[in-house]
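Please open the model in your viewer and keep the sequence panel beside it. The stops below say what to select next and what is there.

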Amino acid sequence: MSRHLFMNSRHRSLRTGRAAGAAAIAVALAAGLATALPATARAAGKAEAAEVLIPAPDAYDEGPETILSTGRNGVLHREGDDYLWTNSYNRRTRVVTELATVPEHLIIKGHTESNLAMYRQQRADGGTDVVRIGLEDPRFNATVTVPAGYLNLRFAGAWMVVTVDKGDGTYEMRVARGGAESADPVVRLPAGATTDAEPVVLGGEGSDVLIGYRLADGSPGYGILTAYDGRVKPLPVTGDANSFRITQSTVSWFSRNGAGGQGVRILPRSGTGTPKVVPLDTRSTDSEVTTFVADDTVIWHEGVGGPLRLTPHTGVETERTLLASVEFAQLLGEGGGSVLALGKDASGVRAIHLFSQDGIGEIFDLVMRETPKVKTADGEIGALSLDRGRLRYVNSLVGKDTLHGKGVGTGLDPAEGARLADFPGLAPGRFADGSDEGLARLVTDPASGRDALVTGDDPDRPSEGLVLPGTGGRILDAAPEFVLYEAGGRQYVVDTARDLVVRDQRAQGAVLDGDRLIKSAPGKPGTLNVVDPRTGRATASHDLGVDCVPSELQRSGTLVYWSCASQDAAGVYDTATHRDYPAPVSGVLLGDRFLAAREASGDLRLTALRPDGSTGDLGTVTGLKPPAQGDGRGTTWTLDADAGKLAWVGADDTVHVTAPQQAVSPLNVTHSAVPATAAGTWRAAWWLSKPAASWKVTLVRRSNGETVRTWTGEDARGAVRVDWDGTSASGEPAPAGAYTWRLTATPADGSGADATASGTLRATTG
């Protein structure tokens with residue numbers, strides 16, 4: 001597992017000839033390894049390496065989306081720099097290349113039955129050309145010429161309403177049909193009514209156009225213009241009104257004045273009779289209300305950003321909310337009316353919707369297009385760790401750091417797995433996997449201001465923080481039951497199983513190895529002591545054969561990397577075979593039978609450490625992101641000390657997880673806690689050197705060879721635990737006497753034989 005987030009760099013003592021020789025070999029080895037792999041490392045003998053790529057999480061937000069116009073069969077809209085047409089029959093979207101160079105303000109908004117995109121072009125003579133593009137049928141492509149004297153074009157469907165300056169300070173309305181000026185109808189307003197320079201056009205359907213004007217007394221008036229001949233039929237509008245709409249069957253508007261009170265007025269298309277008033281349950285008496293009549297219902301919203309609601313005025317529908325929030329809505333006037341809207345549903349998905357009445361009288365929601373989000377900020381990887389198939393990485397985004405996690409598999413090759421829980425952002429050295437209690441992380445104790453250690457893989461249910469002796473410290477290493485913590489020139493071993501600081505020593509070369517602590521001996525150059533952290537009792541020692549005191553130690557299986565950086569001496573020592581391997585003095589991480597070293601070029605040189613004492617070239621990793629400071633260990637690259645996996649950050653802040661080394665160590669039991677006696681209960685635990693795919697523990701009665709109990713399990717990442725209540729598989733009390741237990745665990749990476757362990761147990765009660 002990779003717990004090497006920051007390393008010690010304290011330098012002491014003098015080197016001997018052997019240390020100097022090791023350093024010289026390391027330099028020669030580095031100089032002789034010339035194989036470079038393109039952007040990633042490969043395992044020796046493999047043509048192509050498996051790789052997991054995890055891009056840095058970027059910030060995304062709602063992209064710019066503008067509804068420009070609608071047609072019978074679709075919607076013209078803009079996303080970013082592209083004009084798009086999305087049709088309603090198969091919801092496919094295409095780029096309207098004919099509009100690529102047209103400024104958006106020249107595009108004509110509204111609705112046409114003929115699926116047209118239209119835009120204006122100013123001519124040199126002062127007139128206007130209206131360019132029409134048939135979005136569904138190019139036969140509708142055309143250019144309509146509008147005379148220079150026609151002012152303030154307004155559009156309703158395919159009709160153009162303009163004004164003409166009469167030269168006496170007044171204006172007249174005309175319908176520009178694109179032919180001879182003499183053939184364009186003059187709008188015949190009611191007696192005494194006038195128009196301003198800018199005509200008021202409120203909507204259109206078929207040959208009819210809804211217009212506004214000023215009555216003789218100066219109050220607003222409204223009517224239905226027949227575009228072919230200029231006739232106007234006044235509407236019975238009282239007081240303030242808005243949301244004028246026209247469909248094949250009805251004319252409608254919203255008003256808070258007149259008979260019937262607040263509500264939508266609905267008239268037959270003929271425009272005669274008394275309007276039907278449909279009350280709306282508005283949240284305010286003076287809010288801006290936008291309404292649309294769609295067959296038997298009123299679809300409406302209050303202000304912009306509020307919900308889009310449905311209120312029936314007849315038929316089978318019931319009052320309900322269509323969208324949680326709406327940004328834009330527009331009526332498609334054909335038939336009884338449909339409404340196109342841009343907004344978010346109850347789950348927050350932003351999309352373009354088309355609401356139409358189906359054959360049984362209910363409003364149907366057709367989601368035409370979910371609007372894509374756009375990247376607003378790039379994520380930046382600031383720290384990472386790798387442990388037993390779990391990758392953790394800190395991502396900095398818009399001033400906020402978050403610790404993310406991802407499964408990368410426990411096989412020989414990495415494989416993308418499940419996402420792990422997110423935690424508040426942590427700096428390098430402030431978090432580490434490897435503990436039985438879950439992720440270990442340092443937080444600040446609010447009462448004392450000192451560091452506190454919390455553990456657990458659920459950010460909402462962490463352990464109670466254990467206040468530590470220092471502030472601003474870092475986690476150097478983590479093991480199943482211990483954390484090695486350093487602050488203020490001191491090192492502390494924290495017993496996470498008992499929530500105690502069990503060892504306090506000055507900062508020195510030290511590393512955890514299961515239930516043991518390996519540390520340099522300041523008074524004995526070249527000697528490494530192995531101690532029990534809980535008792536301080538020395539259990540073993542190793543002679544490196546050098547005359548310096550290592551300031552940095554790392555461990556992987558039986559291998560120990562040591563460095564006396566100030567004396568330019570370093571190496572790797574195999575505690576089982578007593579063989580030595582050369583190694584650089586800095587920028588090194590020790591993996592399972594391989595070494596990764598950061599070179600002056602910024603590349604990573606990978607070297608296999610073979611059991612026979614020889615080394616092999618595993619290639620070079622290029623394209624690493626330059627670290628902000630230091631050699632990048634734990635910030636731009638790391639590895640799993642108990643597996644053949646490496647993780648590194650590319651220049652684009654993508655995390656790469658590769659497997660440069662597949663000649664890995666076998667699975668074994670590193671240590672155990674197995675009581676030799678049981679008086680009714682028996683709790684046993686075995687810690688594994690790497691994850692197991694499955695395991696089995698059997699308990700056999702020695703007197704007759706009978707298997708009394710069998711326990712099995714899968715996916716053991718670190719430990720196998722068994723609780724025995726003293727009963728047989730049938731639930732009967734097991735006889736007192738001698739038993740033999742046996743553990744068998746199958747390696748998750750499929751490499752090597754099963755791990756086994758066995759022992760005896762005496763049950764004192766039956």
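On this tour, buried means under 20% relative accessible area, exposed over 50%, and partly exposed in between, with a 1.4 Å probe and protein chains only. This is a predicted model, in which local features need pLDDT of at least 70 and side-chain atom pairs count only at pLDDT 80 or more, while totals for chains, interfaces and linings use all residues. Residues are numbered from 1 along each chain as its sequence is written, and side-chain values use heavy atoms, with hydrogens and water left out.

**Domains**

Begin by colouring the domains, whose bounds come from an automatic or database domain assignment: domain 1 covers 147-234, domain 2 covers 429-502, domain 3 covers 508-582 and domain 4 covers 669-763. Between the centres of domain 1 and domain 3, taken over C-alpha atoms, there are 94 Å.

Strand E19 (residues 250-255) is joined to strand E20 (residues 263-268) by six bridges, and serine 255 faces glycine 263 in E20.

Now display the aromatic side chains: the structure holds seven aromatic pairs, counted when the ring centres of Phe, Tyr and Trp (its six-membered ring) lie within 6.5 Å, with planes under 30 degrees apart called stacked, over 60 edge-to-face and the rest tilted. One of them is the stacked pair of phenylalanine 244 and tryptophan 253, at 5.9 Å centre to centre and 20° between the planes; both residues are buried.

**A second aromatic pair**

How are the rings of tryptophan 724 and tyrosine 739 arranged? Their centres are 5.8 Å apart and their planes stand at 65°, so the pair is edge-to-face. Tryptophan 724 belongs to strand E63 (residues 719-724) and tyrosine 739 to strand E64 (residues 737-747), so the pair ties together parts that are 15 residues apart in sequence. Tryptophan 724 counts as buried at 4% relative accessibility, and tyrosine 739 counts as buried at 1%.

**The disulfide**

Finally, select cysteine 548 and cysteine 564, whose sulfur atoms lie 2.1 Å apart in a disulfide, a term that covers a pair of cysteine sulfur atoms within 2.5 Å. The structure holds one disulfide, and this link is right-handed, with 80° about the S-S bond. Cysteine 548 sits in the loop between strand E46 (538-543) and strand E47 (552-556), and cysteine 564 in strand E48 (residues 559-564), so the pair ties together parts that are 16 residues apart in sequence. Both cysteine 548 and cysteine 564 are buried.

Technical notes. Helix = DSSP H or I, 4+ residues; strand = E, 2+ residues; numbered from the N terminus. Pairing = 2+ DSSP bridges.
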